[in-house]
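Me: I am new to this structure. Please show me how to read its features, one at a time.

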Amino acid sequence: MDIALAKANEMVQPKLDDQRRSGLPGWTYFSEEILELEKENLFRRCWQLIGHVSDIPLPGDYTTFDVAGERALAVRGKDGGIRCFHNVCRHRGSRVVANAQGNCKSAIVCPFHGWAYNLDGTLRGAPAPRSLPKLEPEKHGLIPLEQEIFHGFIFVRFKPGPQPSVAAMLNIYEPLFIVHKTTEIKPICTMWEAEIPANWKAVRDVDNEGYHVPIAHPGLYDLYGRQYVDELPGRGVGRSVGRFDAVKSKRWSVRHYKTIRPRPSRELGDEANNWTYVGMFPNTVFMLYPEMAGYYQEWPLGVGRTVQRGKMYGHPDERRSMRLARYLAQRIERETAREDHQLIVWSCEAMKSSAFAGIILSDHETGVREYHDQLRELMPVFDQEREPAPGTVAKLNEDLKNATAG
């Protein structure tokens with residue numbers, strides 16, 4: 001590793017100078033033209049997490065993922081390998097699998113006209129072959145996606161982009177994935193999903209700082225609020241750690257979680273008393289807890305509509321204390337998510353108010369500024385304080401990028 005992984009009690013909260021305490025201009029949260037730039041530069045050209053290898057354990061098992069007009073399919077082959085494709089039939093563009101998850105046995109059969117594909121993506125055949133031109137298995141097979149599996153988590157990229165490999169991005173935090181044995185975890189719940197009536201960046205803004213934890217999240221503050229710190233090494237990744245404290249908890253879920261949770265394995269070391277979050281630009285957060293691991297992510301359905309989803313996994317352990325600890329941890333998480341969703345809506349709608357004059361960031365909100373800077377780097381039009389004339393945003397952004405490159 002090129003940077004040593006600090007323990008939670010050695011981490012130091014980054015600080016901002018007074019020239020970097022502002023955020024993105026409000027108009028960028030309500031612009032259809034900005035949304036189109038985000039779809040292209042972030043959601044098509046940056047790595048997107050589909051799921052975990054344990055979601056598709058058997059040959060023919062598949063999972064799908066839709067974002068920004070793109071449709072992805074990950075399927076387990078007969079050889080045990082996982083392959084990712086565009087979920088687009090080569091005939092008329094229908095989805096070749098319609099469900100979010102399932103099993104297609106020995107072949108993937110398009111529900112529109114019945115074109116069939118092998119599990120390796122090659123074309124098996126089409127009905128009424130004499131009515132069609134000559135079809136070749138490779139040439140007319142499903143179109144593969146750029147893919148990468150990092151310690152069990154499956155990533156795809158729809159178009160070439162600015163990011164290095166997933167392994168290169170997460171290199172500094174690889175010891176955490178090793179300690180939590182994320183290659184071995186299995187699902188312990190179904191995927192959860194929620195729609196939020198706000199711009200997707202407002203979700204990231206709330207999630208990228210812990211300044212609000214003591215006031216807005218009494219459950220988390222009861223668990224670790226006094227010992228919460230962010231780490232921002234750059235390169236599109238960061239870590240936030242909440243370390244359990246010895247203060248007597250007031251809330252039922254937290255008090256019982258601390259009491260009931262079984263003694264973690266020695267292999268966890270410092271992580272045995274942490275809830276750790278690893279963020280990966282632009283829209284993925286890993287949750288690494290002593291009892292389980294998982295992720296959540298969000299993406300836009302429109303300028304003012306965002307979908308957020310997540311899933312948790314654990315090691316095979318049916319002890320009653322482990323089941324209870326996981327239940328309580330997930331209960332705390334659900335309460336936190338509900339609290340965050342309200343804050344997201346409030347902070348997003350405020351940007352349309354005549355009283356809104358921008359934001360003033362605390363040192364405990366450095367993650368917000370770092371995230372905004374990453375957006376500005378990819379899309380320099382975000383630096384414009386006033387909204388450009390209609391129909392000019394994409395051209396201005398390209399001109400600014402060229403000027404910077406030159």
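Reply: Start with pockets. On a 1 Å grid over the protein atoms alone, a pocket is an open set of points where a 1.4 Å probe fits, with protein on both sides within 12 Å along at least five of seven lines; lining residues have an atom within 4 Å of a point. A volume is the space filled by probe spheres set on the points, which are joined across faces, edges and corners. This is a predicted model: local features need pLDDT of at least 70, side-chain atom pairs count only at pLDDT 80 or more, and totals for chains, interfaces and linings use all residues. Residues are numbered from 1 along each chain as its sequence is written, and side-chain values use heavy atoms, without hydrogens and water.

Me: What is the volume of the second largest pocket?

Reply: About 460 Å³. Of its 20 lining residues, Val206, Glu209, Ser347, Ile359 and Glu365 are the closest to its centre.

Me: Which helices supply at least two residues each of that lining?

Reply: Helices are DSSP runs of H or I, at least four residues, and strands are runs of E, at least two, numbered from the N terminus. Here they are H4 (200-207), H8 (320-350) and H9 (366-378).

Me: Now the sheet. What is the order of its four strands?

Reply: Two strands pair if DSSP finds at least two bridges between them. This open sheet runs S4-S3-S2-S5, with antiparallel pairing. Its edge strands are S4 (82-86) and S5 (101-103), each pairing on one side only.

Me: How many bridges join S3 to S4?

Reply: Five. Alanine 72 stands opposite histidine 86 in S4. The S3-S4 hairpin has five residues between its strands, and glycine 80 in the turn has a positive phi of about 90 degrees.
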